[in-house]
Amino acid sequence: MISPPSLPKYVLITPARNEAQFIRLTLESVVSQMVKPEKWVIVSDGSTDGTDDILREFAARHAWIELVRMTERAERHFAGKVHAFNAGYACVSSAAYDVIGSLDADISFDPEYFAFLLGKLAADSALGLVGTPFQEENRTYDYRFTNIEHVSGACQLFRRQCFEQIGGYVPVKGGCIDHIAVLSARMAGWKTRTFPEKVCKHHRTMGTAQVGAITARFKNGTKDYAIGNHPMWELFRAVYQMTRKPLVVGGLMVALGYFWALIRRMERPVSTELVAFQRREQMARLKRFFTRDSSRQPRLATSA
């Protein structure tokens, strides 16, 4: 439970809603860490499927695991996840820590996972947010159409000063809360980085907790618009997605979702400054992509 002197101390917060199918894998992964957190608050967000029973089992064996129970709510949306996270955040206010992590309840990883990420933060004081790629159905997240500077929401490890400076997560019902946090950190002057030397395993296909894969692609397109993706960037992203399962139709649904939101002038939950910042980054990455500047755009030979 105590970090070595060379590594920063960290706490974890996990919002969990009906995660009985996979949460034991996450619990076992954290419990087996070489460097354990000072505290891990798991917020059961109205779970009704036995999640709480599993959490109580582990909390009874490990004093540094705390279960917080929130009342059941009818809606499932990303703003609710932020509210659950904030309930956990309040529970670590008295803890001594340098790093705070948001950890999903459906991932697993090796025993050196957090020691590795903490070492990266210790080695570079300009790093405000770090993480790793995730594997999903034996495929690893593709960074060609995001960026090595993007950090997946499956596990985001923030330097405490960075997290406090950006004001934490924004409670957006439609999602992209992790993406907004990454952009906000960079816009505030912090470096953000994904380190592909390690991966975590994501056991539920992203975006399919309540909907099918096709509908999830459409929703991804609307979220891309909501956070301000450049139309040119979105076209290339949709074309690329057509080469991935579900073939062709997946990419079409991403494009349809984006341009449907564009036509409707869907309200954006982010500032115009953040939209402009992201679009500048996207155009710069497209330029590097087409000029094949591989030294500045690391590639992972994987699929999204």
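Mentor: Buried means a relative accessible area under 20%, exposed means over 50%, and partly exposed lies in between, with a 1.4 Å probe and protein chains only. The model is predicted, and local features need a pLDDT of at least 70 and side-chain atom pairs 80 or more, while totals for chains, interfaces and linings use all residues. Residues are numbered from 1 along each chain as its sequence is written, and side-chain values use heavy atoms, with hydrogens and water left out.

Trainee: What is the relative accessible area of arginine 160?

Mentor: Arginine 160 and glutamate 164 both lie in helix α5 (residues 160-166), four residues apart, about one turn of the helix; helices here are DSSP runs of H or I with at least four residues, strands are runs of E with at least two, and both are numbered from the N terminus. The two residues form a salt bridge, with the closest N and O atoms 3.0 Å apart, the term standing for a side-chain nitrogen of Lys or Arg within 4 Å of a carboxyl oxygen of Asp or Glu. Arginine 160 is partly exposed, and its relative accessible area is 24%.

Trainee: Which residues do salt bridges that share partners join into one network?

Mentor: Glutamate 164, at 43% relative accessible area, is partly exposed. The search of the whole structure finds 15 salt bridges. Salt bridges with shared partners make one network of Glu149, Arg186, Glu281 and Arg285.

Trainee: How many residues apart in sequence are the parts that arginine 186 and glutamate 149 tie together?

Mentor: The side chains of arginine 186 and glutamate 149 meet in a salt bridge of 3.8 Å, N to O. Arginine 186 belongs to helix α6 (residues 177-187), whereas glutamate 149 sits in the loop between β8 (139-140) and β9, so the pair ties together parts whose separation in sequence, in residues, is 37.

Trainee: Which residues have the most contacts inside the largest nonpolar core?

Mentor: A nonpolar core is a set of buried Ala, Val, Leu, Ile, Met, Phe, Trp, Tyr and Cys residues joined through side-chain atoms within 4.5 Å. In soluble globular proteins, nonpolar side chains tend to be buried together. The largest such core here has 36 residues, and those with the most contacts inside it are Trp40, Leu103, Phe114 and Leu157.

Trainee: Which element gives the most to this core?

Mentor: At least two residues of this core come from each of β1 (10-16), α1 (23-31), β2 (39-45), α2 (51-61), β4 (99-103), α4 (113-123), β6 (127-131) and β9 (155-159). With seven residues, the element that gives the most is α4.

Trainee: Which residue of β9 is the bridge partner of isoleucine 100?

Mentor: β9 is largely enclosed by the rest of the structure, because five of its five residues are buried. On its faces, Cys155, Leu157 and Arg159 lie on one side and Gln156 and Phe158 on the other. β4 and β9 pair in the antiparallel sense over five bridges, and in β9 the partner of isoleucine 100 is phenylalanine 158.

Definitions and conventions. Two strands pair if DSSP finds at least two bridges between them.
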